[in-house]
Amino acid sequence: MDRDSASIVAVVDDDDEVRDVLQVLLESAGHSVETFRSGQDFLTNARLETIACLVVDQRMPEMSGVGLISAVAQRGVTIPSLLITGAPDPEIARAAATLGAMTVLEKPLSSQELLRFVEFSVG
């Protein structure tokens with residue numbers, strides 16, 4: 001896959017309101033954004049070669065954020081990932097780091113930290 005042309009920020013969260021807020025924030029900063037309701041939705045519908053970075057919620061039904069990052073890695077794709085969580089857990093943070101997640105942010109999110117991560121990832 002040609003990851004050099006990747007330019008889309010993917011937001012994966014089962015909460016409609018959170019997805020909408022993150023999309024508006026990222027688009028207002030000039031980013032192209034695609035949103036997904038679940039890890040499976042992302043895996044089924046995202047064109048992985050277009051994804052510059054992944055912002056994913058940890059707690060979702062059926063597939064956790066760490067599970068999604070793992071599934072992407074199993075496909076042989078490396079996407080800079082940010083895991084967001086409302087329940088910080090050192091084990092989850094270690095698992096995410098082992099899978100290559102760049103950082104874990106706690107809810108409520110700092111828009112400045114989120115934008116800093118995205119800017120760094122997109123380049």
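Which side chains meet in a salt bridge with an N to O distance of 3.5 Å? They are those of Asp16 and Arg37, and the views below start from there. This is a predicted model, where local features need pLDDT of at least 70, side-chain atom pairs count only at pLDDT 80 or more, and totals for chains, interfaces and linings use all residues. Residues are numbered from 1 along each chain as its sequence is written, and side-chain values use heavy atoms, with hydrogens and water left out.

**View 1. Asp16 and Arg37 pair up.** Their link is a salt bridge (a side-chain nitrogen of Lys or Arg within 4 Å of a carboxyl oxygen of Asp or Glu). Asp16 sits in helix H1 and Arg37 in the loop between strand S2 (32-36) and helix H2 (39-45), so the pair ties together parts 21 residues apart in sequence. Helices (H or I, at least four residues) and strands (E, at least two) are DSSP runs, numbered from the N terminus.

**View 2. Asp16 also meets Arg19.** This salt bridge spans 2.5 Å, N to O, and both residues lie in helix H1, 3 residues apart. Arg19 is buried because its relative accessible area is 4%, whereas Asp16 is partly exposed at 38%. Buried means under 20% relative accessible area, exposed over 50%, and partly exposed in between (1.4 Å probe, protein chains only).

**View 3. Lys107 reaches Asp57.** The closest N and O atoms of this salt bridge are 3.3 Å apart. Lys107 lies in the loop between strand S5 (103-106) and helix H5 (111-122), and Asp57 in strand S3 (residues 51-57), 50 residues apart.
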